[in-house]
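This report describes one protein chain, shown below.

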Amino acid sequence: LESLYAKQEYRPVGVFILTCCANSEEYDNGHIDRYLIVRSAKTDREVWSFPQGGIDRGETFRDNFYRELSEELGMVEDQVDLVKTNFLTEEIDFDASRARRCGFSKGKAYFFSQGMFDPESSNIDNMHLDKQEIAEARWVTADSAIETFYRTSSKAKANLQKKAIEILQKLDTSEI
């Protein structure tokens, strides 16, 4: 991360694949059946993605994960387990104008982490969405998430989010 800040080319962004399962037994086994997707409040268009947020200089993946979940979803650390950090990293030269406003010349570097909600903490009604960032949140299946990303996001960003889901589906619950 520090080298990204030193080069000032790609803005580091944490992307949070928040997962859940139907019951406590599946949770204990690491089974995933739902993904949390959010609709951006920053555009008039319907744009859905995984929750995400810029990684501040000097911030760890873990710190970024919990800070952003607190700010955007109103979640506290004991409501979601950080399972995997930085399991997928990708530099993308799209949305460069937005990255340049933050002082970066080329685009964004996306760092994917996975968090898992236990069934009792996954109720969206208990989340306190930052309405300036997130207009709506939904739990959906992997197929529904992928279809929604392709329908509402750029192809590059949809491809990246699909790749993250596919990686998680191939992995077991052990740390990478």
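## The cavity

One cavity of 30 Å³ or more is counted in this predicted model. Here a cavity is a set of points, on a 1 Å grid over the protein atoms alone, where a 1.4 Å probe fits but cannot get out. The largest cavity has a volume of about 40 Å³, a volume being the space filled by probe spheres set on the points, with grid points joined across faces, edges and corners.

Which residues line the largest cavity? They are Val15, Gln52, Tyr110, Phe112, Lys157, Leu160 and Gln161, lining residues being those with an atom within 4 Å of a point. By class, four of the lining residues are nonpolar, two are polar and one is charged. In this scheme Ala, Val, Leu, Ile, Met, Phe, Trp, Tyr, Cys and Pro are nonpolar, Asp, Glu, Lys and Arg are charged, and the others, Gly among them, are polar. Strand β6 (107-117) and helix α6 each supply at least two residues of this lining, and the largest share, three residues, comes from α6.

## Basis of the model

Residues are numbered from 1 along each chain as its sequence is written, and side-chain values use heavy atoms, with hydrogens and water left out. As the model is predicted, local features need pLDDT of at least 70 and side-chain atom pairs count only at pLDDT 80 or more, while totals for chains, interfaces and linings use all residues.

## The chain as a whole

The chain has six helices and seven strands. Helices (H or I, at least four residues) and strands (E, at least two) are DSSP runs, numbered from the N terminus. Read from the N terminus, the order of elements is α-β-α-β-β-β-α-β-α-β-β-α-α.

Of the 176 residues, 47% count as buried. Buried means under 20% relative accessible area, exposed over 50%, and partly exposed in between, with a 1.4 Å probe and protein chains only.

## Helix α6

Helix α6 spans residues 155-170, 16 residues in total, and reaches 23 Å from its first C-alpha to its last, close to the 22 Å expected at 1.5 Å a residue. The expected span is 1.5 Å times one less than the number of residues. At the N-terminal end, α6 is capped by Ser154, with a side-chain oxygen 3.2 Å from the backbone nitrogen of Lys157.

The buried residues of α6 are Lys157, Ala158, Leu160, Gln161, Ala164, Ile165 and Leu168. Why do they lie on the same side of α6? They cover an arc of only 165 degrees around the axis, the arc being that of the directions from the helix axis to the C-beta atoms. An α-helix has 3.6 residues a turn, so residues three or four places apart point the same way. Lys155, Gln169 and Lys170, on the other side of α6, are exposed. Ile165 has a relative accessibility of 0%. Ile165 and Ile146 are 19 residues apart in sequence, and their C-alpha atoms are 8.4 Å apart in space.

## Helix α3 and its ends

Glu59 is buried, with a relative accessible area of 12%. Its side chain makes a polar contact of 3.4 Å with the side chain of Asn64. A polar contact is a pair of N or O atoms within 3.5 Å; within protein, one must be able to donate a hydrogen and the other to accept it, and residues adjacent in sequence count only if both atoms are side-chain atoms.

The 13 residues of α3 should span 18 Å at 1.5 Å a residue, and the end C-alpha atoms are 17 Å apart, which agrees. Asn64, Phe65, Tyr66, Glu68, Leu69, Glu72 and Leu73 are buried in α3. Glu72 has a relative accessible area of 8%. Gly74 follows α3 and has a positive phi, near 70 degrees.

## From α3 to β5

Met75 is in the loop between α3 and β5 and counts as buried at 3% relative accessibility. The C-alpha atoms of Met75 and Leu129 are separated by 9.2 Å, and the two residues are 54 apart along the chain.

Val83 is in strand β5, residues 80-92, and is buried with a relative accessible area of 17%. Val83 and Leu18 are 65 residues apart in sequence and 9.7 Å apart in space, C-alpha to C-alpha.

Notes:
1 Å grid on protein atoms, 1.4 Å probe; cavity = no way out; pocket = protein on both sides within 12 Å on 5 of 7 lines; lining within 4 Å.
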